[in-house]
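Please consider the structure shown here. The paragraphs that follow lead through it step by step.

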Amino acid sequence: MASQALRVGAGAISRGQVRGGANRERLRTTLEAYVFLLPVVIVLLGLAAYPLADGIWESFTNRQVAQAGHFVGFANFTMLFHTAAYRGAVVNSVLLTVGAVATKTVLGLGCAVLLTQDFPLRGLVRALAFLPWAVPGLVAALGWRWLFDEQAGVFNAVIMMLGGQPVSWLSDSSIAMVSIGIATVWQGLPFYMLMFIAALTTVPAEIYEAAAIDGASAWERFRHITLPSIADVIGVTVMLSSIWTFNNFNMVYMLTGGGPDDRTQILPTLAYEYAMQRNLLGMGAAVITSALPIFLGIIFLLTRRMLREKGVR
Amino acid sequence: MVTGRRSRMRRNIGISVAVAVLLIWSLVPVYWIFITSFKHEQEIYAFPPTFFPLAPTLDQYVAVLFHTGFPVFIRNSFVVAAGTTLIAAAGGLLGAFAITRMRFVGRATVARLIVVAYLLPPSLLFIPLFIVLQRLSLINSLPGLIVAYLTFSMPFSTWMLIGHIRTIPSELDEAARIDGASRLQVLLRVILPLTLPGLSVVCLFAFTNAWNEFLYALVYVYSSSTRTITAGLASLTMGDTFIWGQLMAASVLAIVPVLVIYLVAQRWLIAGLTSGSIK
């Protein structure tokens with residue numbers, strides 16, 4: 001008690017003398033830090049924060065490509081909610097994201113468990129299984145369009161060789177969403193494999209050995225050891241992938257262009273359609289803004305987690 | 001003993017079948033792109049299809065390289081990807097140094113904004129960025145596309161480099177500081193040499209991301225002299241006619257640089273990708 005009081009007293013005496021110097025030093029460091037950070041801050045404020053805010057603003061205007069707009073309140077949003085194409089795009093976006101992310105999670109776990117087993121040429125097999133990740137998204141989309149081609153595509157050719165009827169992979173809207181989903185899973189699966197394999201290799205092998213000696217079956221070991229120890233990584237992977245899957249503009253643009261009759265539009269392709277094909281920037285911005293709260297929510301959660309890991313808070 | 005051997009055999013068969021299915025699934029689309037690009041026009045549309053080109057030909061490549069604007073698209077992609085990489089790596093290095101090595105007002109906020117910007121998908125920004133580029137008179141120009149690409153590559157490279165620089169013991173730069181080195185000298189003489197491996201991975205990522213990007217390219221560059229590979233590929237499909245031979249040859253040309261990077265640096269790329277969100 002006494003020593004504490006002494007220390008407080010000593011602090012009070014020196015604080016007055018030191019404060020000026022310490023503050024000046026801190027100010028100097030801060031200024032210097034922002035000189036170093038100048039390029040980053042310009043990008044963050046000028047090319048991310050400002051456009052993000054401006055996008056929200058534009059969605060309340062009737063701005064067109066070559067014509068300044070004025071404030072129209074919620075008119076764009078009311079118009080959208082009464083448009084079948086918009087409601088369809090919301091449903092498609094949600095179905096595609098949920099369906100593809102769920103499929104990728106399950107398949108990704110299976111593949112990761114498979115690729116962490118011991119077998120010959122495992123390194124080569126992994127490299128080949130990750131290959132879709134190295135294919136540019138647009139090229140992947142174009143390649144799948146060629147596979148799905150209804151006249152000369154190889155899928156229908158094989159089906160016909162086996163005596164079946166050709167499938168309308170992309171022109172029948174209910175099948176087309178599934179086709180888009182298949183291609184999306186193909187493109188995104190390697191990321192899941194990578195993340196899950198990296199996580200699996202951090203689980204100590206002794207735990208499995210101990211569980212095996214105690215008579216736990218393979219499924220029990222997976223359920224009670226593997227899943228809990230990589231649950232965190234699964235969470236991050238699902239959140240990251242949800243953002244990317246929701247925004248998979250390339251796949252829909254290249255496979256169906258949102259057609260037939262806007263029935264395979266997702267929100268980003270619909271926004272493109274409004275803003276760039278019909279020049280209605282305000283409407284396009286409104287389409288994006290309507291999905292913004294979900295994104296900002298996911299991004300908020302991810303940001304907290306990623307900052308915690310890097311120890312920068 | 002007997003049952004043990006039998007169950008091991010069953011396990012091996014199971015693994016082999018699963019690996020075969022996984023490889024077929026992963027490789028068929030890529031294989032089909034390559035195969036198609038080496039076929040003659042009639043063979044591409046032949047029924048039944050040939051699963052290996054009967055008479056391999058470079059006709060499709062000749063057509064793409066000498067009868068379309070594709071060489072210009074390739075050059076533009078290189079210019080844009082290299083420009084983006086250079087600026088993002090330099091800016092990212094400076095920024096990451098400040099975040100990891102300096103205590104200053106607003107540090108946590110800047111770090112948070114970097115992650116948020118890195119996670120913002122292009123589809124959220126492409127309309128307002130279009131307006132920004134229009135105002136700067138940078139629409140339909142390569143510098144404009146580089147500016148747009150900085151929105152994701154600058155935060156990304158900064159974030160990755162924060163991870164790398166953090167692993168360098170700070171005693172090293174404190175020693176240099178005591179010897180009278182300025183902060184910039186510390187960055188260039190102490191940190192930069194030690195973070196070179198990390199920096200090269202960051203550059204490879206920045207390059208491939210810019211090379212592969214499509215939405216910004218589609219919206220911001222739209223003439224035959226400014227299009228990049230992805231925008232150019234889309235422009236070759238104009239209308240509903242797809243000239244599959246040429247498109248697949250062009251696709252192979254777009255894949256090859258990325259594939260080379262991937263094959264050479266696979267190990268580091270994968271470590272870099274997962275470290276951002278696991279470690």
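**The contact between the chains**

In this predicted model, 80 residues of chain B are in contact with 75 residues of chain A, two residues being in contact if their C-beta atoms, placed from the backbone, lie within 7 Å. On the side of chain B that touches chain A, helix α12 (residues 244–275) of chain B gives the most, with 13 residues. Helices (H or I, at least four residues) and strands (E, at least two) are DSSP runs, numbered from the N terminus. The residues of this side of chain B divide into 61 nonpolar, 14 polar and 5 charged. Here Ala, Val, Leu, Ile, Met, Phe, Trp, Tyr, Cys and Pro count as nonpolar, Asp, Glu, Lys and Arg as charged, and the others, Gly among them, as polar.

Residues are numbered from 1 along each chain as its sequence is written, while chains are lettered from A and ligands numbered from 1 in the order in which they are written. As the model is predicted, local features need pLDDT of at least 70 and side-chain atom pairs count only at pLDDT 80 or more, whereas totals for chains, interfaces and linings use all residues.

Chain B may next be taken by itself. Its domain assignment, automatic or from a database, gives domain 1 (2–57) and domain 2 (61–275). The C-alpha centres of these two domains of chain B lie 34 Å apart. Between them, 7 residues of domain 1 are in contact with 6 residues of domain 2. On the domain 1 side of this contact, α1 (2–37) and α2 (41–44) of chain B are the elements that give two or more residues, and α1(B) supplies the largest share, 4 residues. That side comprises 3 nonpolar, 2 polar and 2 charged residues.

In chain A, helix α4 (residues 84–115) and helix α11 (residues 218–246) pack at an angle of about 140°, with their axes 10 Å apart. Axes are lines fitted to C-alpha atoms, for helices over the stretch in contact, and angles run from 0 to 180 degrees between N-to-C directions. Among the residues that meet here are A:L96 and A:V101 in α4(A), and A:I234 and A:F246 in α11(A). The residues of this contact divide into 6 nonpolar, 6 polar and 1 charged.

Finally, A:V287 touches A:L80, A:Y86, A:L267, A:L270, A:A271 and A:Y274, not counting residues up to four places away in sequence.
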